[in-house]
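Good morning, and thank you for coming.

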Amino acid sequence: SRQVASQCRLLQSSSARPLSPQLPQLPDDPIPLQDAPGGLFQLPPGDPFPERVTVAWLSVVAIALALVCDPQENLSLAEITLRRLAPRLLHSLHLLGPGADVLLRPEVADGLLDRLLPHGEMLFLNQHFLQAVDREL
Amino acid sequence: MFTAAAESFLKQAREIQEEELRRFASRVASLLQGPELGPEAVDCLQRLHLTVAATKYPRRLDGKFVELLQTVLCSSKCPEQVQVLCAAILREMSPCNDLILSCDQIQDTKLLSLVSSILLAQGDKKGEVAAVGQRIVKVLERRLPEGQSARYILPVLSNVISLSPESLTEEQVNVVSKKMADWLRYASTQQGVAQPSGGFFSSPRTKQPGPVTEVDGAIATDFFTVLSVGQYHTQDQWLNVQAFSMLRSWLLCYGDKGLKTPKSDDRSGMDKSVMSTVSTLPTSSRLLPPKERLREKAFEYCQRLVEQSHRRPLKKDDADLQKACLIEAVTIMDIICKQDSSYVHRAASFLKVLHGRICGDATYARALLPIAQFFLNHSKVAAVDSDAIYRHLLTDIPAQLFHNASLAFEFVQFCKANSQLFTETSSVFRQSFPNLFKFLAWNSPPLISEFVDFLPSLLDAGTAIEIFHLLLDLPCLTAALDVQLRSAALPTSEKAASDPAVPPSTCLEAFRHPLYRSMFQHLLRAKSTSEDAPERLIPLRQLLGSLASSPRVVQCAETVPVLLELFFKVVAEFADGPLINQLVVLLLQRSDQLCEIPAFKDDVYRVLSSQLVVLCKLHPALIVELSTEILEFSGAVSNIQNKEAIFTHVVWAVGEYLSVCYDRRCTVEQVLRFFEALEAVLFEVTQLRPLPTTPGYPPRAISVLMATLTKLAARSQDLIPRVSMFLSKMRTFVQSPAVTSVYQEEDLEEILIRATELLNLLKMPSVAQVVFTPPVASTRFQREVNNSLPCALRMVTRLLEPTPGFMPG
């Protein structure tokens, strides 16, 4: 499931449907993740995953991240996990910058995912545990 | 999609040829075999990873090289960054035949986790999942060496059981269950210590850590949970978090009595009977078998989480986690009760209290769903009246929180999971369906496919009409919800009711206007109503037209045609004659009363007109039974311009089905009445002296009118001379200068050809009768004959006026 999650990040930004009424046009401001558009939708079996899945997605300026879950998983936790992964990925991989870190530094993404989504498992981490994770990284 | 630099890297990586890749791999190999694995090795591995990952087809790397990667990965001197990169490359190449990795000898838990991730990606062709599962349990069983933590391998176990639950024997399940119970219940309640940073000046004595606290800062007085707070954490506290994070899937997998696995011992039969006697007796939990003990500890944990979730967190972000924990706790309690009904009474009273605490707080709304689900699953056993819970959920929540997209999604999932409840006519579930459409109206794109799944459960003879109106008014509902939200946001001073004598100029004003208030209330109603007067919403629809360009309204409008088609498809399966008649009448009526969105109206007309044909095929007698309404509709020339699709199909249906073959009550007078009405329309439309302001009429409508008149004449043959005369005048019509300037040349040609064909057919009345009054098509062949009417006409025409060289086949 970690593989799937990282595949999704690259492939599904097109199917994450950020159809909100307004699109913010502020690339330079600090990313207001609280208000970042996001949502949930389902994909039927076969398209493209063999079983029915629920996708939680989050869009930050020009990047969209998607987390693919089984339909029975805790979707609130999925949204929280995404909102935690997003700024850390954006920051560590300089996703909004001109470079190509996202392609050339897979160990950074893997490291983050290994801590926040180990083997695809979502963790109930309160803020202090999260800080501990950040210290370890 | 990517930045320019990234795009170019990707392109380069994809274009690397096999030979170049081979050379690069051998360069990497020599670096990896060198004394030190420095930045150059890292850089090369990164590029190698990109090359392997960039293509959709698998890249082949030399078997020896793959072995080298695995050796490097497992070597104790390998820096972590290199390890992770090697693992990433090996995973990218999965499934890989050259894998020699085995987790059997690995002691280091971090490495074990990395290696497991590679093995689990192989597709389990060689039993890798079971092997990993076995190894993990073995490591967990024993005491871990100093410096090692089970923290890194527990998620592997979670992955294993989701891939292949049979990987573990019953005994192993018990071992892990026992450990999980301990981790959940007996983690340290003292904070951890900071890892000593080492170094010459660091003091070996560190400050005594204090007790853990709750999220609101109070000292914790009970056992450690995911909502316990500490500056630093001990290993068992980490395990507490991990154990809870995997608890739900563990219980779902192994919580039920007696998992039958091919590897379970023969003793399992005996164990089961021992377990079942024990669980009914109140006993010290230490004597409980592992599964039962885990259940007990898990239940207590969930209870504690529920209590903790009401505290006001010092860190705002913990509030979100509290809600997620609450949802998880209730869900797990539900699972536990399903597996052991002795917990139901405890849980029911506990959750009823919880419900009372949170039902007024919008931030806890998502937790109401698992609570309701619990009572749906267990209220009979609990002998608890949970009607109030369902009522609150279905009437208040959608009305107040339709704009919360995540809640909307989960709510609709809840409805789908319990769809059988919506089929019971008197249930509060069924009564509240208008409320549910608010979710769809506001959050159309993610919810349309969910509603396509769910709508059939709502549809039956009792709800069909109301849902028909609801669907047609869905974009207006979106607009109304928007007005409602904006109105609620206004300061109180501006909320006073406006003067009834002054008509409102904006939607916001209308919301407070006494005359429009009841219209809004009807549109925004929470309960199903049998009251059926859609025309009273006409002024409101017109006013809401000002919001027609709002993106949300447009998105909603796009979903309606899909739902309408589904609606008719489902209704066709159960509708009887009277319901079909009712729908047709409403269809014609509502064609005038649609939300004022141009593209929307066209799409709706398209669907309604094709569905009208379907209804006529199901119940052809409706033409006769509804002759008044249909006459009125088809006799109005304005309908040709405004609703061309519907008009054309209505007229076509008249031609097809107004016949004594379909309804014995079809009299000669009826045929004549229809004939005269349509003749008048055609006359007006094809006036030979049109005014400059007369618009062109859709050519298809003209053709259909001519064809229908001909069909009626074929059945009532004294009408033939009238039609023939009319048709022969079409040549003049088509050639008149006023007409040629308004219509396309091809269209006029088509009209003329059709008129000529029909005219010729009427010269042979008996043939015409056969062609135009086919028996009710019961076989596919006959239906195809009906559909090939234009071909038939052309054949007949050719027979009557053979062109030179034409040889009848």
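B:Arg151 forms a salt bridge with A:Glu136, and their closest N and O atoms are 3.0 Å apart. By salt bridge I mean a side-chain nitrogen of Lys or Arg within 4 Å of a carboxyl oxygen of Asp or Glu. Between chain B and chain A the count is 3 salt bridges. On the side of chain B that touches chain A, 31 residues are nonpolar, 19 polar and 18 charged, with Gly counted as polar and Ala, Val, Leu, Ile, Met, Phe, Trp, Tyr, Cys and Pro as nonpolar, while Asp, Glu, Lys and Arg are charged.

Please note that this is a predicted model, in which local features need pLDDT of at least 70 and side-chain atom pairs 80 or more, whereas totals for chains, interfaces and linings use all residues. Residues are numbered from 1 along each chain as written, chains are lettered from A and ligands numbered from 1 in the order written, and side-chain values use heavy atoms, without hydrogens and water.

How many residues are in contact, that is, with heavy atoms within 4.5 Å? The contact involves 68 residues of chain B and 51 of chain A.

Let us now consider the sheet. Chain A has an open sheet of 3 strands in the order E1-E2-E3, with antiparallel pairing; strands pair if DSSP finds at least two bridges between them, and strands are DSSP runs (E) of at least two residues, helices (H or I) of at least four, numbered from the N terminus. Its edge strands are E1 (38-43) and E3 (63-69) of chain A. Helix H17 (residues 405-417) of chain B lies across E1 and E2 of chain A.

Terms used: Contact = heavy atoms within 4.5 Å. Axes fitted to C-alpha atoms, helices over the stretch in contact; angles between N-to-C directions.
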